[in-house]
Amino acid sequence: MNVLTEYEYQALILSLKVAFFAILWLIPLGIGLAWLLARKQFIGKSFVDSLIHLPLVLPPVVIGYLLLISMGRQGFIGQWLYQQFDLVFSFSWKGAVLACVVVALPLMVRSIRLSLESVDNRLEQAAATLGASPVKIFFTITLPLTIPGIITGTMLSFARSLGEFGATISFVSNIPGETQTIPLAMYNFIETPGSEAEAMRLCVISIAIALGSLVVSEWLSRISVKRLGGSA
């Protein structure tokens, strides 16, 4: 395989950057929402659950359009963010991060929620009878036992963020060096006659990164389960 061109290298680095920052937001959001859905009963819970998982069934272009009209510079939320904090998401790599957070959130929440629901409540109840506060119980018992789900959700969300296309191109366009991730660069190559080799290189890189993420996820999950006393 030939050495990557500067154009391809920029797309690769930007993809990793966007996926990394998306994960930084997704982990706390995923843990909080998964805990809320797994442990609390409240009016509208089914609606909240459906809303969180809606990106799984919506066309990505629809998600991008909704982000554009809400979080764009002239959007009803984006305009306020720009006026108050000089923060702009549209046509920026920050917007690509936001798009990845939205489309990958269901994967993160689902993985962590399943792990939370498998935690034995008797362990938490025993800690409570010994005087442990709810916060201490969460960080010393619940969260450690949820690590396999967090790992799985993180790696799946990372891989999903690397492959995000529709919402990204609808919300932040396809700007080389700013919003052009690997999928968007591949789209350009596919549309350009004589660029089959470049498209194939990025295709192979995408497959390698996604496959590596899944393998690492499985490996880390097995290790964490063994350390928690389970069986892989």
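Analyst: The protein chain has 11 helices and zero strands (helices are DSSP runs of H or I with at least four residues, strands are E runs with at least two, and both are numbered from the N terminus). Read from the N terminus on, the elements go α-α-α-α-α-α-α-α-α-α-α. Along the principal axes, the C-alpha atoms fill a box of roughly 70 × 45 × 30 Å. This is a predicted model, where local features need pLDDT of at least 70, side-chain atom pairs count only at pLDDT 80 or more, and totals for chains, interfaces and linings use all residues. Residues are numbered from 1 along each chain as its sequence is written, and side-chain values use heavy atoms, with hydrogens and water left out.

Let's zoom in on the largest pocket. It holds about 630 Å³ of space (a pocket is an open set of points on a 1 Å grid over the protein atoms alone, where a 1.4 Å probe fits, with protein on both sides within 12 Å along at least five of seven lines; lining residues have an atom within 4 Å of a point; the volume is the space filled by probe spheres set on points joined across faces, edges and corners).

Who lines the largest pocket? Of its 25 lining residues, Leu29, Leu67, Leu98, Val101 and Val102 are the closest to the centre. At least two lining residues come from each of helix 1 (6-39), helix 2 (45-53), helix 3 and helix 5. Helix 5 supplies the largest share, eight residues. By class, the lining of the largest pocket has 23 nonpolar residues, one polar and one charged (Ala, Val, Leu, Ile, Met, Phe, Trp, Tyr, Cys and Pro are nonpolar, Asp, Glu, Lys and Arg charged, the others, Gly among them, polar).

Helix 3 (residues 60-71) and helix 5 (residues 93-117) meet at an angle of about 130°, and their axes are 11 Å apart (axes are lines fitted to C-alpha atoms over the stretch in contact, with angles from 0 to 180 degrees between N-to-C directions). Helix 3 brings Ile63, Leu67 and Met71 to the contact, while helix 5 brings Leu98, Ala99, Val102 and Val103 (heavy atoms within 4.5 Å). That contact has seven nonpolar residues, no polar and no charged ones.

Now for helix 1, another contributor to the lining. On the helix 1 side, the contact includes Ala19, Phe20, Ile23 and Ile27, and on the helix 8 side it includes Ile150, Thr154 and Phe158. The residues of this contact split into 11 nonpolar, four polar and no charged.

Helix 1 packs against helix 11 (residues 196-227) as well, at an angle of about 25° with the axes 11 Å apart. That is why helix 1 and helix 11 count as roughly parallel. Here Glu8, Leu12 and Leu16 of helix 1 meet Glu198, Arg201, Leu202, Ile205 and Ile209 of helix 11, which gives five nonpolar, no polar and three charged residues.

Terms used
Angles under 35 degrees count as roughly parallel, over 145 as roughly antiparallel, 65 to 115 as roughly perpendicular and the rest as oblique.
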